[in-house]
Amino acid sequence: MATLRRSLAQGICAFALLVPSALLAQEDKDSTAAAIEMYREMLADGNPAELHELRGEELWTTPRGPKNASLEKCDLGLGPGKVQGAYAQLPRYFPDTDKVEDLESRLVTCMTTLQGFDREEVTKKPYGSISYQADMEALAAYVVGQSRGLPMAVPQKHPKEKEAYAIGKEIFYYRAGPYDFACATCHGEDGKRIRLQDLPNLTEKKGAQFAYTTWPAYRVSQGELRTMQWRLWDCFRQQRFPEPKYISDATIALTTFLAVNANGAKYDGPAIKR
Amino acid sequence: MANPMKIRAKLEGDVANVRVLMSHPMETGQRKNAAGELVPMHFIKDIRAELNGKPVFEAAISQAVSRNPVFAFKVKGAKAGDKLSITWEDNRGDKRTDTVELGGA
Amino acid sequence: MNRNRRVALKSAGLSSMLVAGFATGLLRPADALAIEWNQDAFHAKNVADALQKLGAQNPVDSGDITIKAPDIAENGAVVPIDITSDIPGTERITVLIDKNPFPYVGSFDFTKGALPYVHVRVKMGESSNVRVIATANGKHYQAVKEVKVTIGGCGG
Amino acid sequence: MKKTMMLATLALSLGASAVHAGDKSSDPVALKKATALMKQDFKSTGIATVDRLDQDQAMAVCTKYRGDPPADIARELQAAQMALIKYPADGKYMGDWKNGDKIAKSGRGATWRDKPDTVNGGGCYNCHRVSGTELSYGTIGPSLYQFGKLRGGPTEANMKYVYGKLYDSQAYVPCSNMPRFGYHGVLTEQQMKDLTALLLDPESVVNQ
């Protein structure tokens with residue numbers, strides 16, 4: 001059991017992916033790869049993320065907060081209350097905040113403006129654990145589930161959307177820290193892996209599409225639904241960087257870079273991953 | 001209070017292919033919390049499925065079943081309109097029942 | 001509560017509809033289960049002891065039990081297993097993980113109208129045999145399948 | 001900048017594979033903004049302090065050229081890195097390969113969750129095949145299996161090369177993906193000796 005505890009604690013690494021065999025590049029599809037593929041296929045039918053979607057919908061429709069309002073009038077970019085397809089077009093520029101916002105940032109905006117929650121309060125513990133259900137993860141699961149099957153179409157019209165992409169790209173290649181890592185160190189080439197975990201090449205359309213469209217995801221290693229903000233946060237941890245602030249402009253810019261690179265692909269989350 | 005289950009039941013002839021997702025920590029009793037204390041065991045022990053109120057499938061399980069359990073099983077002699085309910089009970093006596101009505105084929 | 005039920009209703013799958021979401025305990029009669037929660041077996045620390053406590057010593061190897069599980073699990077926290085018994089009259093399927101600290105994972109009863117198939121996801125502390133016992137007409141049959149549990153990246 | 005965007009858009013609309021073909025170096029204006037934004041949006045947690053965002057010359061060059069600097073700049077970088085390597089004062093390069101294998105398997109240390117006294121691992125298996133028996137290995141770096149056996153074992157030149165590469169990988173490959181373990185003080189001299197033995201000792205799991 002000590003082994004199990006260790007593997008539970010540490011099984012959190014980079015963009016572990018349900019990479020289809022075609023993406024395993026030139027590498028031979030050996031027996032290890034075939035076994036891992038079978039593992040992923042067996043997990044795919046039965047994704048506990050559905051439980052989070054259910055809870056997220058409940059949170060979305062329940063009047064809460066000092067203003068006793070639901071989130072049903074929240075504008076995720078397609079107009080107040082329109083959830084279907086909204087995630088496939090995020091991050092985007094919002095005139096009311098004069099900012100490019102990703103899903104989680106926008107949810108916080110709605111929770112503060114519509115429901116009257118305190119911003120500090122709702123962003124204090126965005127990530128859940130076995131003893132704590134994070135509302136943000138459930139809400140994210142619900143909203144992204146409403147874009148399943150729709151093509152990614154993240155806008156690049158507004159100058160701030162273009163700027164976010166350009167800045168996000170520079171962050172992606174930024175090398176620093178005691179390990180000299182950038183995002184590009186692990187995610188800049190095809191067919192690479194860390195231990196047995198495949199690494200999508202995020203500088204290339206196919207890899208970016210596959211990765212982005214399968215987040216958020218239920219991580220079996222953690223038993224949690226994890227969001228895109230969590231994904232970046234934990235990558236930066238492994239990159240040995242300082243800690244990025246939740247829904248900060250830097251993380252939104254990086255998300256914009258990844259999301260725009262995924263444009264055209266069919267959104268397929270929330271997924272289930274190791 | 002326990003979160004709802006997610007039950008999917010697909011009819012194939014007179015067989016209902018059932019898949020159920022349950023929300024439960026399934027604590028092994030061997031994990032330590034942030035303070036370094038062992039978290040007590042907390043897991044689903046018994047599961048029962050009933051078709052129109054009649055038991056059709058039962059399980060007795062341990063903490064070794066994964067967190068947020070997923071089960072699939074097949075119930076014979078089912079038809080559209082039947083009610084399939086699933087109940088779990090954990091080692092603390094907490095229970096939860098959810099019911100679905102079987103749809104057309 | 002009503003809201004919760006409504007949400008559950010809306011989210012039910014295409015082929016099924018949730019009609020009642022909340023009556024905890026009400027649907028479950030207090031009658032005895034067909035399957036007993038065998039504490040001695042669950043607390044057994046090795047396979048032989050667990051089988052003895054289950055009254056299933058010396059099961060006969062059988063090719064009629066199919067265990068579908070990946071040869072390698074990316075994470076031991078969740079190892080998916082599909083089990084089908086083609087032994088006529090299968091009443092029960094029992095799952096053990098040989099190298100877990102408590103090998104007995106659980107039993108599934110098929111005497112009341114379920115076909116002898118189950119999908120279950122288990123925790124595995126290390127690479128081990130998955131051992132399945134099928135009970136039919138009071139006799140015990142077994143099959144085993146090895147699953148390797150791999151070490152995840154980054155954390156070492 | 002405009003050109004970059006246009007190219008990116010073009011690549012996307014054509015469904016071309018590269019997201020930014022012909023885009024080998026950073027956009028200075030965007031990079032300046034990105035750097036300022038990161039300094040504002042990252043915080044110190046535990047041992048992972050914000051000064052980790054400060055770049056030395058190698059990091060700045062590798063960021064600017066996206067890991068692929070022009071030949072003259074690469075040569076300059078390589079020479080500068082070579083001058084940074086401090087070889088063991090006792091002249092001994094080889095430690096205990098068994099310890100080396102433990103260090104190679106451990107990927108611990110240096111994150112914001114680690115304590116200051118956490119012993120850092122080398123994380124070698126994350127990126128390299130190392131022994132012949134461990135299935136769970138990464139492929140970002142080349143296979144090191146039979147490294148010593150294929151190269152004539154622990155010769156003076158081999159030992160110096162392996163130790164030096166561990167100390168500062170960029171003295172050999174400019175903008176290498178491999179951390180500069182000695183330069184950053186991530187691994188101790190003894191740990192690097194143990195890893196050198198792991199690769200070169202004929203008894204090591206690597207050379208079976």
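Read along its sequence, chain D runs α-α-β-α-α-α-α-α-α-α. That is 9 helices and 1 strand. Before I go on, a reminder that this is a predicted model.

Staying with chain D. Of its 208 residues, 51% are buried. Take the contacts in chain D with a separation of 6 or more: 59% of them join residues 24 or more positions apart. Chain D exposes about 10,100 Å², and 57% of that comes from carbon and sulfur atoms.

Next, the second largest pocket. Its volume is about 900 Å³. Which residues lie nearest its centre? They are Cys127(D), His128(D), Asn177(D), Met178(D) and Pro179(D), out of 48 lining residues. Both chain A and chain D supply elements that give two or more residues to the lining. From chain A these are helix H8 (183–187), helix H10 (228–238) and helix H11 (249–261). From chain D they are helix H6 (124–127), helix H8 (156–167) and helix H9 (189–200). By class, the lining has 32 nonpolar residues, 13 polar and 3 charged.

Now over to chain A, and helix H6, residues 135–145. Why call this helix largely enclosed by the rest of the structure? Because 10 of its 11 residues are buried. Among them are Met136(A), Glu137(A), Tyr142(A) and Gly145(A). The buried residues of H6(A) pack against four elements of chain A: helix H3 (49–61), helix H4 (103–113), helix H5 (119–123) and strand E6 (224–226).

Ala33(A) sits in helix H2, residues 31–44. Buried or exposed? Its relative accessible area is 17%, under the 20% cut-off, so Ala33(A) counts as buried. Along the chain, Ala33(A) and Leu196(A) are 163 residues apart, yet their C-alpha atoms are separated by 8.5 Å.

Last stop, chain B. Look at strand E6, residues 83–90. Here 6 of the 8 residues are buried, so the strand is largely enclosed by the rest of the structure. E6(B) pairs with strand E3 (residues 44–51) in the antiparallel sense, over 7 bridges. In that pairing, Trp88(B) is the bridge partner of Ile47(B). E6(B) also pairs with strand E7 (residues 95–102), again antiparallel and over 7 bridges. There, Ile86(B) has Asp98(B) as its bridge partner. E6(B) and E7(B) form a hairpin, with 4 residues between them. Find Gly93(B) in the turn: its phi is positive, about 90°.

That's my tour. Questions, please.

Note on methods: Residues are numbered from 1 along each chain as its sequence is written. Chains are lettered from A and ligands numbered from 1 in the order in which they are written. This is a predicted model: local features need pLDDT of at least 70, side-chain atom pairs count only at pLDDT 80 or more; totals for chains, interfaces and linings use all residues. Side-chain values use heavy atoms; hydrogens and water are left out. On a 1 Å grid over the protein atoms alone, a cavity is a set of points where a 1.4 Å probe fits but cannot get out, and a pocket is an open set with protein on both sides within 12 Å along at least five of seven lines; lining residues have an atom within 4 Å of a point. Grid points are joined across faces, edges and corners, and a volume is the space filled by probe spheres set on the points. Ala, Val, Leu, Ile, Met, Phe, Trp, Tyr, Cys and Pro count as nonpolar, Asp, Glu, Lys and Arg as charged, and the others, Gly among them, as polar. Buried means under 20% relative accessible area, exposed over 50%, partly exposed in between (1.4 Å probe, protein chains only). Contact means heavy atoms within 4.5 Å. Accessible areas come from the Shrake-Rupley method with a 1.4 Å probe; for residues, only the protein chains shown count as cover. Two strands pair if DSSP finds at least two bridges between them.
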